[in-house]
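Please keep the model open while reading.

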Amino acid sequence: MNNSFVELHARQRALALLDAGTTRELIDPFADMISPHLEPQNIVPESDDGVVIMKGQLAGKAAVVIAIEGAFQGGGIGEVSGAKIVAALEHALADNQAGNTIYPVLILDTGGVRLQEANYGLLSISEIQNVIIALKQFVPVIGLVPGRVGSFGGMSITNALLSYVIGTNRARIGLNGPEVIEQEAGVQEFDSSDKDLIWNTLGTTERQATGIIDEVVADDVTAFKQAIIAAIDEKKDSHRDQQVDFYLSLLDQLDPSQPLDIAGYRDLYHQVKVTEHHLAAAKSSAVAGTKSRGRLWFEQLTGIKNAQSEVATVLHAQADGREYIAIVPDAQNRFPRVREGEVGLLEGYTVASVVNDLIKADQAKANKTPLVLIVDVPSQAYGYKEELIGIHMALASSVSAYARARQAGHKVVAFIPGDAVSGGFLAHGLQSNRLIALDDLAITIQAMSKASAARITQRTIEELEEATKHVPAMAYDIKNYQKLGALYQLVPGVKGYDDDPKAIATIQAVIAEALASLDDVPADMSFRYTNSIAKQSGRVATNQVRQLMDEQWNG
């Protein structure tokens, strides 16, 4: 096409949207701000790290376009690229808070986390999500998914947080890529070689019919510009992250043991009878639930024996003036893809419902109830039905609820006695402003299982494990994770399955100290890149990017 938007690269896309003669690129290739993590893995870096930040005017309105280059590392988000996005959005937020309106537009052409920098990718994406939620109070945050790579992984969760999303019929949106679902759940669950299945499930035609994307336009620069301008002028916001009761009602009416095809889901989607949902606090029972580190610590910290809930995989209760929330396994769950503690559709929306209820209950209180998230999530759920319904939106609802609670003044601390992996960690843990973990090598913390990461990066598992020994950015163990500076505290001497009074008292004291540290400090996530470990080694590139953006934002 003569005026194709899809065929353009990131920089060309930004230039095409903004008014001629008004553009200025920030932290451009001449800044030489490349990723420090790729060359040690024998990967050639890019001088812009695959993200273009361009300020200018869009139909005469101040705008900043953030364009992700899908041709570089599949549009994956690493430390530098993620920091560029976060820093730009934070400046846009500050401008809007000061009354200087500027409209952010994100062009998503991304597979999500860059696996070679997986741990940085997850941190950055959670920080991007935090700023987007804050920005939406001032202006619509518009997302474009033109096509090529599409919008996947953690950035699909980001996609679901945006005010209004515009795409073409050449785009796909989903949390888990087809190859990853096949790797994790088997070819009988999702055949990644079946192109019709992929496009019918994840393509924007189906996504628009079931509320996952707002508008599908022709592959034409002018069509995109007109759609963006209309969205800005009309202040469009789908509130996609706050449709909790709708989707919990939909899930009530779904029998996951039965096959579900496209037509069947469309019928279900359009016939949902919405009812309010409020999850009661967990109670003691005579029957032990499925064993897990998350369940053990929820019961130890709340004093609830054999905790049971109406939603078997989500436990919440208040103790010592704190709200504790855990996502736990349930070996007999009606959704088979969450039986080992994965975060699925029901879990994402239920956690959001619990947190939304707490925000509402504490709305008029000067002292908000602190949230303590007990994190033991091996991943998000990998399944065909999950993708068809849009599991990324369920996880976005949870992300949104935690971020809004923190921004409203609730202290949010995540305690990690178990695994913290991928979208599960984004949905339940990474929106906290303090992360506490046990110094326990049984903990896995990463963006993807080794088997799937090896498949996607075209390495053997042995090669992957060898690389993780030298590159903390993609390590799977908690000791290397600490080197990033992300943790508030790594607790020695306590293991995930410890249940003695001394271990419990130790964790209670650490949580209390972490909560106390949040008195009179900003309700943001800056601790992760401003502590001594982060400044000296863990987030050096992040801080360099932030300084450059400070210097260049106003020209």
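Which residue caps the N-terminal end of H11? Serine 292 does, with a side-chain oxygen 3.4 Å from the backbone nitrogen of glycine 294. The model is a predicted one, in which local features need pLDDT of at least 70 and side-chain atom pairs count only at pLDDT 80 or more, while totals for chains, interfaces and linings use all residues. Residues are numbered from 1 along each chain as its sequence is written, and side-chain values use heavy atoms, with hydrogens and water left out.

Helix H11 covers residues 293–302; helices (H or I, at least four residues) and strands (E, at least two) are DSSP runs, numbered from the N terminus. Of the 10 residues in H11, 10 are buried, where buried means under 20% relative accessible area, exposed means over 50%, and partly exposed lies in between (1.4 Å probe, protein chains only). Among them are Arg293, Arg295 and Glu299, along with Leu296, Trp297 and Phe298. The packing partners of these buried residues include strand S10 (314–319), strand S11 (322–327), strand S12 (371–374) and helix H19 (501–516). Strand S13 (412–416) and strand S15 (434–438) also pack against the buried residues of H11.

After H11 comes glycine 303, with a positive phi near 75°. In the loop between H11 and S10 sits asparagine 306, which has a positive phi of about 50° although it is not a glycine. Asparagine 306 is buried, because its relative accessible area is 14%.

A second residue of this kind is aspartate 32, not a glycine but with a positive phi of about 55°. Aspartate 32 belongs to the loop between strand S1 (24–26) and strand S2 (51–58). Is aspartate 32 buried or exposed? Its relative accessibility is 53%, so aspartate 32 counts as exposed.

Helix H5 (residues 178–185) has Pro178, Val180, Ile181, Glu182 and Ala185 as its buried residues. The elements covering them include helix H6 (195–202), helix H13 (384–389) and helix H16 (450–456). Just after H5, glycine 186 has a positive phi of about 100°.

On the scale of the whole chain, there is a division into domain 1 (10–171 + 213–238) and domain 2 (281–524), with bounds that come from an automatic or database domain assignment. The C-alpha centres of domain 1 and domain 2 are 28 Å apart. Their contact takes 24 residues from domain 1 and 32 residues from domain 2, contact meaning heavy atoms within 4.5 Å.

How much area is buried between domain 1 and domain 2? The value is about 2,200 Å², with 70% of it from carbon and sulfur atoms; buried area is the accessible area (1.4 Å probe) that two parts lose on being put together, summed over both. In domain 1, the residues losing the most area to domain 2 are Leu115, Asn119 and Leu122, which together give 30% of what that side buries.

Between domain 1 and domain 2 the count of salt bridges is zero, a salt bridge being a side-chain nitrogen of Lys or Arg within 4 Å of a carboxyl oxygen of Asp or Glu. Six residue pairs (both at pLDDT 80 or more) are in polar contact across this interface. A polar contact is a pair of N or O atoms within 3.5 Å; within protein, one must be able to donate a hydrogen and the other to accept it, and residues adjacent in sequence count only if both atoms are side-chain atoms.

On the side of domain 1 that touches domain 2, helix H3 (118–135) and helix H4 (154–161) each supply at least two residues. H3 gives the largest share of that side, 11 residues.
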